[in-house]
Amino acid sequence: METVIRLCSIGLGGFAGAVLRYLVSGWVQNRSGSIAFPFGTTAVNLAGCFFIGLLTFLVETRSFLSVETRAFLLIGLLGSFTTFSTFGSETLMLIRGGRMDMAALYAGGQVVIGVIMVWFGRLLAAGIWR
């Protein structure tokens, strides 16, 4: 039963995070007036990093949140709002653990390989649906 409650918490948080991402990124992008730079996505990613930092600190130092609330907020809401926040948090954990080599490999690899995978996906789609 614990697993079902945790999964429901994550699912509800994921729904809320996805809707928030759409609303916040759209609002910021519209307010910026720019069509040349993704200000909305940037704002969402940076806000997500800030909030995951704030919440993980409270969890680590104050046992602030229940397991279900952590699942809702950290995995569901922020995970759906932006996976970049999880990426930032995991990179910081590697740095805090003294693994600068792994942090650099992880961060660099995610960015470079991620862009390459988007490119490969586009190539595949172009090859299939010309």
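Q: What makes Ser 34 count as buried?
A: Its relative accessible area is 18%, and buried means under 20% (over 50% is exposed, anything in between partly exposed, with a 1.4 Å probe and protein chains only). So Ser 34 is buried. Bear in mind that this is a predicted model, where local features need pLDDT of at least 70, side-chain atom pairs count only at pLDDT 80 or more, and totals for chains, interfaces and linings use all residues. Residues are numbered from 1 along each chain as its sequence is written, and side-chain values use heavy atoms, leaving out hydrogens and water.

Q: Where does Ser 34 sit?
A: Ser 34 is in the loop between α1 and α2. Helices here are DSSP runs of H or I with at least four residues, strands are E runs of at least two, and both are numbered from the N terminus.

Q: What does Gln 29 touch on the same terms?
A: Gln 29 touches Ser 34, Phe 37, Pro 38, Phe 39 and Gly 40. Gln 29 itself lies in helix α1, and its side chain reaches the backbone nitrogen of Gly 40 at 2.8 Å.

Q: Why is Trp 27 called exposed?
A: Trp 27 has a relative accessible area of 55%, so it is exposed. This residue lies in helix α1.

Q: Why is α1 called oblique to α2?
A: Helix α1 (residues 2–32) and helix α2 (residues 39–62) pack at about 130°, axes 7 Å apart. That makes α1 oblique to α2: under 35 degrees is roughly parallel, over 145 roughly antiparallel, 65 to 115 roughly perpendicular, and the rest oblique. The axes are lines fitted to C-alpha atoms, for helices over the stretch in contact, with angles from 0 to 180 degrees between N-to-C directions.

Q: Which classes of residue make up the contact of α1 with α2?
A: It has 5 nonpolar, 6 polar and 1 charged residues. Ala, Val, Leu, Ile, Met, Phe, Trp, Tyr, Cys and Pro count as nonpolar, Asp, Glu, Lys and Arg as charged, and the others, Gly among them, as polar.

Q: Why are α2 and α3 called roughly antiparallel?
A: α2 and helix α3 (residues 67–81) pack at an angle of about 165°, with axes 10 Å apart, and α2 and α3 are therefore roughly antiparallel. Residues in this contact include Phe 51 and Leu 55 of α2 and Leu 74 and Phe 81 of α3. By class, the α2 and α3 contact has 10 nonpolar, 2 polar and 1 charged residues.

Q: How many helices and strands does the protein have?
A: There are 5 helices and 0 strands. Buried residues make up 24% of the 130 residues.

Methods: A polar contact is a pair of N or O atoms within 3.5 Å; within protein, one must be able to donate a hydrogen and the other to accept it, and residues adjacent in sequence count only if both atoms are side-chain atoms. Contact means heavy atoms within 4.5 Å. Lists of a residue's contacts leave out its neighbours within four places in sequence.
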